[in-house]
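Me: Please go through the salt bridges of the structure shown here.

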Amino acid sequence: MTPTRLITGASHGIGLAMTARCLRAGDRVFAVSRDPDRSDALAALAAEAPDRLHPLAADLCDEDAVARLFETVRAHTDTLDALVHCAGLLHDAETGLSPEKRVEDVNLAALQRVFAINGFAPILLARYALPLLRHDRRAVFASLSARVGSIEDNRLGGWYAYRASKAAQNQFLRTFAVEARRRAKNLIVLALHPGTVETGLSAPFRANVPPEKLFSADFAAQCLLRNMENAGEEDSGGFFAWDGAPIPW
């Protein structure tokens, strides 16, 4: 049976690299982004594997849109072998959104926007994807978190919205994993930290990152997919770095 995956944030960065790797492996991929028709990279992948790539548009901050997304997916398949949430928000030059350096920089609109995609979207995806992930085969629900979401590891401060939204995501995933042990015994739930990756998300903040710690999107995708493949039942509900090392909460 051809493995079937759903990947969000699939039009760029890690999500795009993961989509490309899965297609090369022969998988079937539902590639979700806000506007997939504007992605030349996705169009190129679709030309290579038109029968296995399904680009889908969805605003993951809109619950009705998430519900409609899975209605569309269910029209094509009864099961998913993996769902990977790669979409995320740290900054936006067009609207002036940037990580807070001081508590005076915190504002409600930015908090709500960052939490919507980093914290709330993963659990909404879990809510609507569960029927497709609950079957008699091994399945994985993974979401990209970040080491800065670790409360124990926070020694620098700042980045209030991003840190807190990732910490919230971690708690959502941990709670979902507990429920999955009862309701979807073959489902493994993971929070994954990709490291610092050469994407638009990290671009303004990587000047001081050593070259050996700055990863390509393809390398990050390779590592994360390996983590997903190697994860066992005992890892469900865990928080892991790109190299498989556990990260403290």
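Salt bridges

Reply: A network of salt bridges links Arg5, Asp27 and Glu229; a salt bridge here is a side-chain nitrogen of Lys or Arg within 4 Å of a carboxyl oxygen of Asp or Glu. This is a predicted model, in which local features need pLDDT of at least 70 and side-chain atom pairs count only at pLDDT 80 or more, while totals for chains, interfaces and linings use all residues. Residues are numbered from 1 along each chain as its sequence is written, and side-chain values use heavy atoms, with hydrogens and water left out.

Me: Are Asp27 and Arg5 buried or exposed?
Reply: The closest N and O atoms of Asp27 and Arg5 are 2.7 Å apart. Buried means under 20% relative accessible area, exposed over 50%, and partly exposed in between (1.4 Å probe, protein chains only). By that scale, both Asp27 and Arg5 are buried.

Me: Which residue forms a salt bridge with Asp218?
Reply: Asp218 is partly exposed, at 32% relative accessibility. The closest N and O atoms of the pair are 2.9 Å apart, and the partner is Arg21.

Me: What is the relative accessible area of Asp92?
Reply: Asp92 forms a salt bridge with Arg113, with 2.6 Å between the closest N and O atoms. Arg113 counts as partly exposed, at 35% relative accessibility. Asp92 is buried, since its relative accessible area is 16%.

Me: How many salt bridges does the structure hold?
Reply: The pairs above include Asp27 with Arg5 and Asp218 with Arg21. For the structure, the number of salt bridges is nine.
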